[in-house]
Amino acid sequence: MLYQAKQYIKFLLKSTNQHGVHSPFVYDLVTKCFYDKTKYFEYLNIKNYRSRLKHVKHQINITDFGAGSVKLNSKSRKVSEIVKHVSISKKNAKLLFRIAKYFKPKQILELGTSLGFATQALSLANPNSQIITIEGCPGIFKYSKNEFVLQQLDNIELLCSEFSKVLLKLKKDSFDLIFFDGNHTKQATLDYFEKLLPKAHNNSLFIFDDIYWSKDMTEAWEAIKQHPKVTVTIDTFHWGMVFFRKEQAKEHFKIRV
């Protein structure tokens with residue numbers, strides 16, 4: 001998309017690496033997590049899962065409640081097509097793994113399971129965590145649930161529901177990490193943020209996927225950054241990361257990953 005290309009050029013011009021970061025908290029996150037070059041053995045699981053599904057021709061009937069895919073708009077899609085066009089990249093799955101390994105969140109919520117690449121990364125990073133992941137499409141829900149059983153990822157609770165219907169019913173008092181990767185529309189993103197804000201504590205991390213998906217999504221991201229409860233944000237172009245640390249001065253970073 002032309003919009004995304006223009007925004008990426010702007011991001012490259014304004015972003016930095018660890019040398020432009022003066023916050024000790026963010027500096028440690030960038031150097032010890034984002035730029036961690038360790039060859040974790042779990043990366044093989046992440047790679048193998050994606051490689052296997054790249055060749056699966058099984059068709060899934062799609063029910064899409066959000067903005068959908070830029071490249072796919074059919075009502076039935078092959079698993080291999082979803083891997084190629086919709087799912088989280090292998091690079092970002094590894095980054096999510098490192099983030100979960102670094103912060104060790106115990107209570108995790110994911111909005112938008114898809115084929116479970118992000119869910120798998122979160123599960124492998126911290127097997128002692130409890131992960132609730134929500135998928136709106138019954139076809140994808142069924143396929144991913146079978147995959148989690150096959151891989152023996154026992155710390156995942158997969159729910160099939162529209163996000164808006166289940167968010168206020170969540171019994172957990174708080175979440176350490178919430179990954180927003182579902183409905184890529186401005187109003188829905190802001191609505192989910194407001195609904196889940198009471199579930200955040202001082203050390204919670206919210207990650208928003210595809211903040212430059214569209215002009216609307218970027219506007220949602222800018223609104224979230226300005227929220228009075230938000231202190232530190234990190235823009236990696238693909239993701240927007242939000243922290244609520246009261247001990248931190250409000251500051252926004254653009255970091256190349």
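Helices here are DSSP runs of H or I with at least four residues, and strands are runs of E with at least two, numbered from the N terminus. The structure is a predicted model.

**Exercise 1. Locate Lys 57 and decide whether Lys 57 is buried or exposed.**

Solution.
- Step 1: Lys 57 is placed in the loop that links helix H3 (42-53) to strand E1 (59-61).
- Step 2: The relative accessible area of Lys 57 is 54%. The cut-off for an exposed residue is over 50%, so Lys 57 is exposed.
- Step 3: With neighbours within four places in sequence left aside, Lys 57 contacts Lys 78 and Ser 80.
- Step 4: Arg 77 is 20 residues away from Lys 57 along the chain, and the two C-alpha atoms are separated by 8.9 Å.

**Exercise 2. Describe the overall dimensions and burial of the chain.**

Solution.
- Step 1: The chain holds ten helices and ten strands.
- Step 2: Its radius of gyration is 17 Å, whereas the globule rule gives 18 Å for 257 residues. These values are close, so the chain is as compact as a globular protein of that length.
- Step 3: Along the principal axes, the C-alpha atoms fill a box of roughly 50 × 35 × 35 Å.
- Step 4: Of the 257 residues, 53% are buried. The accessible surface comes to about 12,800 Å², and carbon and sulfur atoms contribute 52% of it.
- Step 5: Among contacts with a separation of 6 or more, 70% join residues 24 or more positions apart.

**Exercise 3. Determine the strand order of the eight-stranded sheet and identify its edges.**

Solution.
- Step 1: The sheet is open, its pairing is mixed, and its order reads E5-E4-E3-E6-E7-E9-E8-E10.
- Step 2: Strands E5 (156-160) and E10 (251-254) each have a single partner strand, so one side of each lacks a neighbour in the sheet. These two strands are therefore the edges.
- Step 3: On average, neighbouring strands are turned by 15° against each other, direction ignored.
- Step 4: Within the sheet, strand E3 (residues 107-111) runs parallel to strand E6 (residues 177-180), and four bridges join them. Glu 110 stands opposite Phe 179 in E6.
- Step 5: Helix H6 (residues 117-125) packs on the sheet and touches E3, E4 (130-135), E5 and E6. The direction of H6 makes about 175° with that of E4.
- Step 6: Helix H7 (residues 138-150) lies across E4 and E5, at about 165° to E5.

**Exercise 4. State which residues touch the most other members of the largest nonpolar core.**

Solution.
- Step 1: This core has 53 residues, and the residues in question are Phe 34, Ile 99, Leu 115, Ile 234 and Met 241.
- Step 2: Beyond four places in sequence, the residues that Met 241 touches include Leu 29, Phe 34, Ile 99, Trp 221 and Val 232.
- Step 3: Another core, of 29 residues, lies apart from the largest one; Leu 170, Ile 211, Tyr 212 and Phe 244 are among its members.

**Exercise 5. Examine the positive phi values of Asp 210 and Phe 237.**

Solution.
- Step 1: Most residues other than glycine have a negative phi.
- Step 2: Asp 210, not a glycine, has a positive phi of about 55°, and phi of Phe 237 is near 80°.
- Step 3: Asp 210 sits in the loop between strand E7 (205-209) and helix H10 (215-225), while Phe 237 sits in the loop between strands E8 (232-235) and E9 (239-243).
- Step 4: Asp 210 has 22% relative accessibility and counts as partly exposed. Phe 237, at 9%, counts as buried, because the cut-off for burial is under 20%.

Key. Residues are numbered from 1 along each chain as its sequence is written. This is a predicted model: local features need pLDDT of at least 70, side-chain atom pairs count only at pLDDT 80 or more; totals for chains, interfaces and linings use all residues. Side-chain values use heavy atoms; hydrogens and water are left out. Two strands pair if DSSP finds at least two bridges between them. Axes are lines fitted to C-alpha atoms, for helices over the stretch in contact, and angles run from 0 to 180 degrees between N-to-C directions. Contact means heavy atoms within 4.5 Å. The radius of gyration is taken over C-alpha atoms; the globule rule is 2.2 Å times the number of residues to the power 0.38. Buried means under 20% relative accessible area, exposed over 50%, partly exposed in between (1.4 Å probe, protein chains only). Accessible areas come from the Shrake-Rupley method with a 1.4 Å probe; for residues, only the protein chains shown count as cover. A nonpolar core is a set of buried Ala, Val, Leu, Ile, Met, Phe, Trp, Tyr and Cys residues joined through side-chain atoms within 4.5 Å.
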